[in-house]
Amino acid sequence: MKIISADEVHAALSYPGLVDALQETFAKNFNQPPRQVFLLDDADNNDAFALLPAWNDNIIAVKAFTYFEGNAAPYERLYSKIMIFDRSHGEPLALVDGTTCTFWRTGGVSGLATRLLSREDSSTMLLLGTGNLSTYMIRANASVRPLEKIMIWGNPDGLPPMAEAQAVIDEVSAELPEIKFSVATDLEDACGEADIIVCATASPDILVKGAWIKEGTHLDLIGNHHADKRECDTEVITNGRVYADSYVNAFKEAGEILVPISEGVFSKEDVVAELAEMCSGKATLRTNDKEITVFKAIGQAVTDLVAASMAYSALK
């Protein structure tokens, strides 16, 4: 059995290869029981342990992670590993770093949604968020659309303002010299210019408003996992064709969808399709260049399976 480190995952994975692998997996049969999250005690520290299983015809995988919010250096707050097994005989194959796989597969899902739903001529992207996922979102989306300009919006209260956004640009600009990068200082103007908007923030407040978005825009909403919070307002949802990575997850944790439902202006039936239907040809995708498309992702265990097994295959 192999032990695959974070550095080895980074060396093994790339875009659009991972986007292709995700699309192929979602088009076929797979299973993923509901994830299990366990609070470890009754204290106020929220220490937790979670298990996310999935399997298809080739691989069985389970991601396990711990989250200890109060950890201080030298300890991390989150530790994550993915165990993969051969589906034919149940043989353990590898223990793979889960944190890096999560970064890669989350970016990959954003790229996959952009491939399926955005206009093929989309050339301008706005990224909201400058955290660990930001560079993966940029690389994945740039691998599936002919992007010429990417604007990055970060914390406007940073010292100096938007320093985090500039740091992301400094990290990826040399790697993608064909793209013009800039810091977005006016969020409303940037939303109105973008063909693709990717939100990957931890903001508890609405950031993107429907009144700001032009016809034909595609939105990926990645950051929020709370039923009562959201990265966009109700108008974005009611004006768009809405898709989700998973009905089950979206109707449990996606405030972007659940809040408009609670307001009586949207329904579960208004969600056009989930990712498996989108990839298998069972769902109608974008039908014209004027539609606003919205994709909401919470995260699925089968995407961990894809990233971990792809890393294993590359390193065999």
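Glu148 is found in the loop between α4 (134-142) and β8 (149-153), with helices (H or I, at least four residues) and strands (E, at least two) taken as DSSP runs and numbered from the N terminus. The structure here is a predicted model, so local features need pLDDT of at least 70, side-chain atom pairs count only at pLDDT 80 or more, and totals for chains, interfaces and linings use all residues. Residues are numbered from 1 along each chain as its sequence is written, and side-chain values use heavy atoms, with hydrogens and water left out.

Glu148 counts as exposed, at 54% relative accessibility; the label "exposed" needs over 50% relative accessible area, "buried" means under 20%, and "partly exposed" sits in between (1.4 Å probe, protein chains only). Setting aside residues up to four places away in sequence, Glu148 touches Ser123, Glu178, Ile179 and Lys180, where a contact means heavy atoms within 4.5 Å. Lys180 is 32 residues apart from Glu148 along the chain, yet their C-alpha atoms are separated by 6.1 Å.

From Cys101 to Ser80, 21 residues apart along the chain, the C-alpha separation is 9.3 Å. Over in helix α5 (residues 163-172) there is Glu171, which is in contact with Thr135 and Arg139 once neighbours within four places in sequence are left aside. Glu171 and Thr135 lie 36 residues apart in sequence and 7.9 Å apart in space, C-alpha to C-alpha.

Now for the whole chain. The secondary structure of the protein comes to 11 helices and 14 strands. The radius of gyration is 19 Å, close to the 20 Å that the globule rule gives for 316 residues, so the protein is as compact as a globular protein of that length. That radius is taken over C-alpha atoms, and the rule is 2.2 Å times the number of residues to the power 0.38. Along its principal axes, the C-alpha trace spans about 55 × 45 × 45 Å. Buried residues make up 51% of the 316 residues. Of the contacts between residues at least 6 apart in sequence, 68% join residues at least 24 apart.

Helix α9 (residues 255-262) is largely enclosed by the rest of the structure, because 6 of its 8 residues are buried. Those buried residues are Gly255, Glu256, Ile257, Leu258, Val259 and Pro260. They pack against β11 (218-221), α7 (234-239), β12 (241-244), α8, β13 (271-274) and β14 (293-296). Just after α9, Gly264 takes a positive phi of about 80°.

Two cis peptide bonds are worth a look. One runs from Tyr15 to Pro16, with omega near 10°, and Pro16 is found in the loop between α1 (6-12) and α2 (17-26). Another joins Ala73 and Pro74, with omega about 15°; Pro74 is found in the loop between β4 and β5.

The largest pocket has a volume of about 1800 Å³. Of the 41 residues that line this pocket, the closest to its centre are Leu78, Thr102, Leu133, Gly223 and His225. On a 1 Å grid over the protein atoms alone, a pocket is an open set of points where a 1.4 Å probe fits, with protein on both sides within 12 Å along at least five of seven lines, and lining residues have an atom within 4 Å of a point. Points are joined across faces, edges and corners, and a volume is the space filled by probe spheres set on them. β4 (59-67), β5 (78-86), α3 (98-117) and α8 (247-253) each supply at least two residues of the lining, and the largest share, 6 residues, comes from α3. The lining divides into 17 nonpolar, 15 polar and 9 charged residues; Ala, Val, Leu, Ile, Met, Phe, Trp, Tyr, Cys and Pro count as nonpolar, Asp, Glu, Lys and Arg as charged, and the others, Gly among them, as polar.

The second largest pocket holds about 340 Å³ of space. Of its 19 lining residues, Gln32, Pro33, Ser246, Val248 and Asn249 are the closest to the centre. Two or more lining residues come from each of β3 (48-55) and α8, with α8 giving the largest share, 4 residues.
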